[in-house]
Amino acid sequence: MPDTVVARFLLKWMLVPVLLLWAYHLAQRRYSATVGAKRMATLLVTLLLLAAWVAVYVFVRLGLSDIWLLAIAAAVVAVAVWQRRKLFPYRTSCAACGRPLGIERILFRGDNRCAACSPAGSGEEKDP
């Protein structure tokens, strides 16, 4: 029987980031008017991790060696690089003026702009 220590570890612990991303996705509902592509990005990243988890589950069930997990890792990285604009729309500086953004604006505001550069009629509420 091939050694599947890494696959079993991943099978057990890969759901933790999936659940955390799902919780973050649900927290974005509060900012549904302004979050835009960032909410879709969290959903897509979660689906990518779930697909990798299902592949690891299949590997464990079939008893394949851990060395084949490199193929899954390569596929996940290839998809992440290929779709990087959709999966990672987060910026740490304002798209208009270049000032650093706060964590709330990085995670929950879709326009990637600071408060001074955001359009006044964008429908966003005051920062909590």
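Me: Is Asn112 buried or exposed?
Reply: Asn112 counts as buried because its relative accessibility is 8%. Buried means under 20% relative accessible area, exposed over 50%, and partly exposed in between (1.4 Å probe, protein chains only). This is a predicted model, in which local features need pLDDT of at least 70 and side-chain atom pairs count only at pLDDT 80 or more, while totals for chains, interfaces and linings use all residues. Residues are numbered from 1 along each chain as its sequence is written, and side-chain values use heavy atoms, leaving out hydrogens and water.

Me: Where does Asn112 lie?
Reply: In the segment after helix H6 (103-108). Helices are DSSP runs (H or I, at least four residues), as are strands (E, at least two), numbered from the N terminus.

Me: What about phi of Asn112?
Reply: It is near 55 degrees, a positive value in a residue other than glycine.

Me: Switching to H3 and H4. At what angle do they pack?
Reply: About 165 degrees, with the axes of H3 (residues 37-62) and H4 (residues 69-82) 10 Å apart. Axes are lines fitted to C-alpha atoms, for helices over the stretch in contact, and angles run from 0 to 180 degrees between N-to-C directions.

Me: So what does that make H3 and H4 to each other?
Reply: Roughly antiparallel. The cut-offs are under 35 degrees for roughly parallel, over 145 for roughly antiparallel, 65 to 115 for roughly perpendicular, and oblique for the rest.

Me: And Val54, where does that lie?
Reply: Val54 is in helix H3. Val54 counts as partly exposed because its relative accessibility is 44%.
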